[in-house]
Amino acid sequence: MLSRRSFLAISSALSGAVMTAPSWATLTQQDASKKLYASAYSLNQQEHFFGLFDDKGDIVWSSQLLDRAHAPVVHPSQSIVGIVARRPGFFMDFFDVSTHKRIIRIEPSKEYHFYGHALFTSDGNHLITQENHYPSGQGKIFVREWPSGHVIKSFSSNGIGPHESVLLNDQVLVIANGGLKTHPDNDRKILNLETMKPNVTYLSLKDGTILNQSSNSGELHQLSIRHLDVNQHGRVALGFQYQGEMWDQVPLVALSRIDQPELEYLPIPEEVRVRFKQYCGSVCFDSSGEILAISTPRGGLVAYWHVDSKTFLGIENCRDVCGLVATDKPHEFLLTSGIGSQLKNNPVQNVSKLIKKHPKLHWDNHLRQINT
Amino acid sequence: MKYFPKLIALAISASTPLLVSAGQWEGPLNGIVNNVVKQGYESYASSSKTLLERTNTLCASPSQATLHDAQEAFQANALDWQQVQWLNFGPVTYFMRYYAFEYWPDKKGVTQRQLRTLVQGDPAVMDAPKFWTSASIAVRGLTAIESLLYHPDFEPVKSAEHCRLLEKVTDHHLESSVAVAKQWQNGKAQDWVFDEEGTGFDPEKVALELFLQQWIEHMSAVKDAKLETPIGYNGRENLKLAEFYRSDLSLKAIQKNLQSYREIYHLGSPSLYELAKQTNPALADQFDEQLTQNIKLALQLPSDFFHTNHTQEERISLAKPLVKSISNSQSYLSSMVTQLGFQIGFNSRDGD
C-alpha cells in the first residue's frame, strides 16, 4: 500500500504543467489497487480544505480553501481534481495533485453563478457546468473547453436551478433542475416558492434539444429535484428536498428513464420517511447498479433500495452523513459525515465498518471516488 | 445495518473533548429530562384533562360562562405546551404528535376547512377505532381546539354538532398528551437515539446534542416565526400568522418559551451552565445574562403587543430590543455548544 510519504514523493517527482499532469495510474503506480476519494472538509468555521484520502481514511493530499465548498470534480484520466464553490458559487478551483498547485480557477461569466456541481466529459476534454443566469433566473448548461475553461457551447437547462447533472452517455446530459429561483443579492432566499416547478431534463449535448423531461405533479411542485445519479442500465435516481411544510407526506426519492415520461416514486416506510425531514443529501448507485443509496444529513442516516424490485432494504444510522460514493465492490458504499466518520457499508450483506474517524474534522456535503 | 425503529445498544465512547469527562453529560441531560420534559408533559397531560372536563361541562350545559371556563382551560393547556414545545424528540415524534399538538403556522386555513368538513359529516366516523391515528394533523390538537373555541365559524354554545366535535378533538388530544407523558415517565432520552455500530457511541452525549440542536432551532423559531414574521419585522405585517392569535396567547407563548430556556441552561448537576463555566466562564455568564434579559424584555412588551391598535412601525420599534437580545442569545448558545465539544449540523443545518 502506498504510504502518505511515498505518495507525496511521487507527486513531487511528477510535477508538471496543466497539460502534462500525470495520469492517476502513474501517480499511484506503486500500488495499482490504491483507491482515492475526494471531498472538501473543514476544521472549524474559519479553516476549510479540499482533500484526498485513501482506503484507510488517511488524508494523503490537501489544499486550503478560502471557504466551504460543495462538490469535487475529478478529471477522468489526468491527476487533476477540482472543487466547486457553494451556491451561489463564483469559482471552481482545479489542482494538479502531483504538484500540489492550483492550476486554474474558472469563474462564471458576468451575471452567472455556479450551483456547486460540475463534471468532466468522459474523454476529459470538456468541463460541463450548471449555472444560474440570475437576472432572469434561467438555468444554463455550459460546455467548456478543458483546460482553458472557455465556453464553447451553451444550452438552456430547460428549467430553473440546475443543481447537479450527470452524463447518461457522451451525447446526453441528465439535469436536475431544482426549480428554486434565487439571486445572489439575496443569497439563497427562494424567490418563487409558490410557482416553482422543478424537473429532470434529458438534454442532447449535440444540439440542446430536450429528449425527455419529467416533473412532479402540480400539488408536489415544491418538491425540489436536487441530486441525481445514473447507473450502467440508464436508470436515473433522483433525491428531493421538499420546500413545503415539515409535516406534509411527500415522496422523497424517485427513478426516471429517458424513455419514461413519469417519475416513479420509491417506497419508504413512513417512520423512516419522517426521519428524512424532507431532505435528501447525496444520491448514489453502487458499482453493480443494483443498489441505490440516498443520504440524509438531517435524518442522520443512509437509506437503501434494490433498484429492479424497488424494494426498500433498510438504513444505516450515521449522524450528519452526506458524502456518499460507491466503492469498487458490488453493493458497497463509502459514507462520510460532518462529525468526521468514514464508514463502509454493504446493505446487502448487512456489513458496516468504520474506516476512520477524524474527530476534529467535518467532511463536507459531497464525496467522489477517483478511478486510479 | 439496522431497520428503524431500533433502540440503542449502549456503547460508551472512550473519548470526550475538553474538560468534560465521560458520563458528565448525564448531569444536564437528566436535569433537563426530569425537570423540564417529564414534569412539563405531566403538567401538559394534566391540563389536557382539565380541558376535556371543561369541554364536557360546556357541552352538557352550554353557556357563555361554561365557554369561558373551557377557554381558560385551553389557555392553561396551550401555555403548558410552550414549556415542552422546544423539544421535537422522543415520544412526541410518534404518529406526528409534535405537529398534531400544534398545527402552526396554518397559512392556508387547513384546520378551519377540515373542521367544517368533519362537522358536516357523519359524527360516527370519529368513533371508528383508527380514525384519529389516520386523521389529518390539522384537526388533532390545540390549533383545532382553539378554532372550535374562538373562531366565529364555530359556535359550541349554540351548536351541539360543533360542541360534539370539540369534545372528540379534546378527547383525542388528552389521549396523545397522556401517552407522551407516560412514555417519558417509563423511559429516558437515551432510548430515543440511534446507535451507530462501531463508532464509539456515547448515548448521553448524542441525546444531549440532539436536545441542543432542538434548542437552537426553537430559538430561531421564536425570533423569526413567532415574533418577526407576524409583525412584518422584515416584510409585510400579518398578525394572523402569530401563534395562537385567536386566543391572544401570542406574547404569553413567547414569554413562556424564554422562561423555559433559562431552566434548560441551569438544570442538572452539573448543569450546562456549570459545564460552560469550566470551559469559558465569560461566555457562560454572557449567555446567562442574555437569557435573563430576554425574559425581562419580553415581559416589558405591552400585553396588547399583537393587537391591531399598534402601527407596524410601533410594533417593530417595541420588538427591536428583544429581537436583538434573542439574536445575541443565538450567537452565545452556538459558541457555547461548539466550545463544549458538540458538532451540531455541519451538513444537516447547512447543506444544499
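Let's start with the contact between the chains: 32 residues come from chain A and 21 residues from chain B. Keep in mind that this is a predicted model. On the chain A side, four elements each supply at least two residues: helix H3 (270–275), strand S23 (311–317), strand S27 (351–357) and strand S28 (362–370). What is the class make-up of that side of chain A? Ten residues are nonpolar, twelve are polar and ten are charged.

Now to helix packing in chain B. Two packed helices are described by the angle between their axes and the distance between the axes.

Pair one is helix H2 (residues 64–84) with helix H6 (residues 142–150), both of chain B. Their axes come within 11 Å and cross at roughly 155 degrees. An angle over 145 counts as roughly antiparallel, so that is how H2(B) and H6(B) run relative to each other. The crossing is left-handed. Who meets whom in this pair? H2(B) brings B:Ala70, B:Gln71, B:Phe74, B:Ala78 and B:Trp81. H6(B) brings B:Leu142, B:Ile145, B:Glu146 and B:Leu149. By class, that contact has seven nonpolar residues, one polar and one charged.

Pair two is helix H9 (residues 250–266) with helix H11 (residues 281–300), again of chain B. Here the angle is about 160 degrees, and the axes are 9 Å apart. H9(B) is therefore roughly antiparallel to H11(B). Which hand does this crossing have, left or right? The crossing of H9(B) and H11(B) is left-handed. From H9(B), the contact takes B:Ile254, B:Gln255, B:Leu258, B:Gln259, B:Tyr261, B:Arg262 and B:Tyr265. From H11(B), it takes B:Asp288, B:Leu291, B:Thr292, B:Asn294, B:Ile295, B:Ala298 and B:Leu299. Sorted by class, the contact has eight nonpolar residues, four polar and two charged.

The crossing of H4(B) and H7(B) is right-handed. On the H4(B) side we have B:Leu115, B:Leu118 and B:Val119. On the H7(B) side we have B:Glu161, B:His162 and B:Leu165. That divides into four nonpolar residues, one polar and one charged.

Next, the backbone. Most residues other than glycine have a negative phi, and most peptide bonds are trans. Here are some exceptions.

Chain A has a cis bond from A:Arg87 to A:Pro88, with omega near -10 degrees. A:Pro88 sits in the loop between strand S5 (80–85) and strand S6 (92–96) of chain A. Another cis bond runs from A:Trp146 to A:Pro147, with omega near 10 degrees. Where is A:Pro147? Look in the loop between strand S10 (138–145) and strand S11 (151–156) of chain A.

Then positive phi. A:His331 is not a glycine, yet its phi is near 75 degrees. A:His331 belongs to the loop between strand S24 (321–326) and strand S25 (333–337) of chain A. Is A:His331 buried or exposed? A:His331 has 21 other C-beta atoms within 10 Å. The cut-off for buried is 20 or more, so A:His331 is buried.

Last one: B:Met96, also not a glycine, has a positive phi of about 55 degrees. B:Met96 lies in the loop between H2 and helix H3 (97–101) of chain B. With 19 other C-beta atoms within 10 Å, B:Met96 is partly exposed.

Note on methods
Residues numbered from 1 in each chain as written. Chains lettered and ligands numbered in written order. Predicted model: local features only at pLDDT ≥ 70, side-chain atom pairs only at ≥ 80, totals over all residues. Contact = placed C-beta atoms within 7 Å. Nonpolar A, V, L, I, M, F, W, Y, C, P; charged D, E, K, R; others polar. Axes fitted to C-alpha atoms, helices over the stretch in contact; angles between N-to-C directions. Parallel < 35°, antiparallel > 145°, perpendicular 65-115°, else oblique. Left-handed = near helix turned anticlockwise from the far one by under 90°. Buried ≥ 20, exposed ≤ 12 C-beta atoms within 10 Å, placed from the backbone.
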